[in-house]
Amino acid sequence: MSCQEMHELLDGYVDSELDVVTTLQLERHLKECASCRAVCHRYEQFTQGIQAHVPRFEAPAGLEAKIRTKLGLATGSGTRAASSAFADWRRWAVAASLIGVLVLTGTLLMLLNRRAGPEILAEEVVSSHVRSLMANHLSDVISTDQHTVKPWFSGKLDFAPVVKDLAPEGFPLTGGRLDYLDDRAVAALVYKRRQHTINLFIWPSGSSDSSPQTLSIKGFNIVHWTQAHMTYWAISDLNAVELSEFARGLETSSS
Ligand SMILES: [Zn+2]
């Protein structure tokens, strides 16, 4: 089973809706694939989150008896008043279940928004970038030498980020640190362009290669792409043109 197939089946797996054979295949994949395990863990947390946080309402005592009485009237006498009471009750029941659906949908969307989609990831990237600049914690290893920065990550991450110095292209490497994005530890490389800081976040990806996409959020420019099973997110207050140039520099130098 591929990671892609795995992701498509995960919903069904978490809700115990898959057949035995698929479940076994999926569990075998989970044993071997740390990144899918992390995704699965997130799904499970999400489900538990719903169970824990979606409000449940007990029907007030006597409601059932009241409804039965009204139903009894409606079926028993067949008077106009009784059937209109029944219609009222039905309208209330429909309204109540609609409200229930809305509450559930709203909660689902809220929880999903917290943890899914490139937009949400982009928000996380912005937060990490801002935090790194504010907290005076831009680099754990300060070096302009890629041969110092790259080995610094070994043993700290479960993958080896490609560390390129782009000084010849006008983007000198200044250091690196560990960061946390998309529910996992990631490599953060720090580059400079004049007075601008560029954070480049790298972590393994199950997706196939994708060409650079640009975004602009809260005054920051972002370029992200996937290459050779790694996801790259570059962010800076640098203008979009130069940031894309930076991304192209990395893309071409690592291929
Ligand atoms: Zn996988």
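On a 1 Å grid over the protein atoms alone, a pocket is an open set of points with protein on both sides within 12 Å along at least five of seven lines, a cavity is a set of points where a 1.4 Å probe fits but cannot get out, and lining residues have an atom within 4 Å of a point. The space in the second largest pocket comes to about 160 Å³, a volume being the space filled by probe spheres set on the points, which are joined across faces, edges and corners. Sorted by class, its lining comprises 6 nonpolar residues, 1 polar residue and no charged residues; here Ala, Val, Leu, Ile, Met, Phe, Trp, Tyr, Cys and Pro count as nonpolar, Asp, Glu, Lys and Arg as charged, and the others, Gly among them, as polar.

The structure is a predicted model, in which local features need pLDDT of at least 70 and side-chain atom pairs count only at pLDDT 80 or more, while totals for chains, interfaces and linings use all residues. Residues are numbered from 1 along each chain as its sequence is written, and side-chain values use heavy atoms, with hydrogens and water left out.

The protein chain contains 8 helices and 7 strands, these being DSSP runs numbered from the N terminus (H or I, at least four residues, for helices; E, at least two, for strands). Of its 255 residues, 35% are buried, where buried means under 20% relative accessible area, exposed over 50% and partly exposed in between, with a 1.4 Å probe and protein chains only. Among the contacts in the chain with a separation of 6 or more, 55% are between residues 24 or more positions apart, a contact being heavy atoms within 4.5 Å.

In total, 9 salt bridges are present, each defined as a side-chain nitrogen of Lys or Arg within 4 Å of a carboxyl oxygen of Asp or Glu. One of them joins the side chains of Arg42 and Asp183 at 3.1 Å, N to O. Because Arg42 lies in helix 3 (residues 34-53) and Asp183 in the loop between strand 2 (173-181) and strand 3 (184-193), this pair ties together parts that are 141 residues apart in sequence. Asp183 is partly exposed, at a relative accessible area of 25%.

A further salt bridge, at 2.7 Å from N to O, is formed by the side chains of Arg184 and Asp158. This pair links distant parts of the chain, with Arg184 in strand 3 and Asp158, 26 residues away, in the loop between helix 7 (146-153) and strand 2.

Arg194 is exposed, with 55% relative accessibility, and Glu242 is buried, with 12%. Through salt bridges that share partners, Arg193, Arg194, Glu242 and Glu245 are joined into one network.

Within strand 3 lies Val190, which is buried at 0% relative accessibility. The C-alpha atoms of Val190 and Leu173 are 6.0 Å apart in space, although the two residues are 17 apart in sequence. When neighbours within four places in sequence are left aside, the contacts of Val190 include Leu138, Pro172, Leu173, Arg177, Thr197 and Ile198.

Backbone geometry was also examined. Most residues other than glycine have a negative phi. Ser16, which is not a glycine, has a positive phi of about 55 degrees; Ser16 is located in the loop between helix 1 (3-14) and helix 2 (20-32) and is exposed at 66% relative accessibility. Ala228 likewise has a positive phi, near 50 degrees, and is placed in the loop between strand 6 (220-227) and strand 7 (230-236), where Ala228 is exposed at 55%.

A search of the whole structure finds 0 disulfides, a disulfide being a pair of cysteine sulfur atoms within 2.5 Å. For Cys40, the closest cysteine sulfur is that of Cys36, at 8.8 Å, which is too far for a bond. Cys40 is buried at 4% relative accessibility, and Cys33 is buried at 13%.
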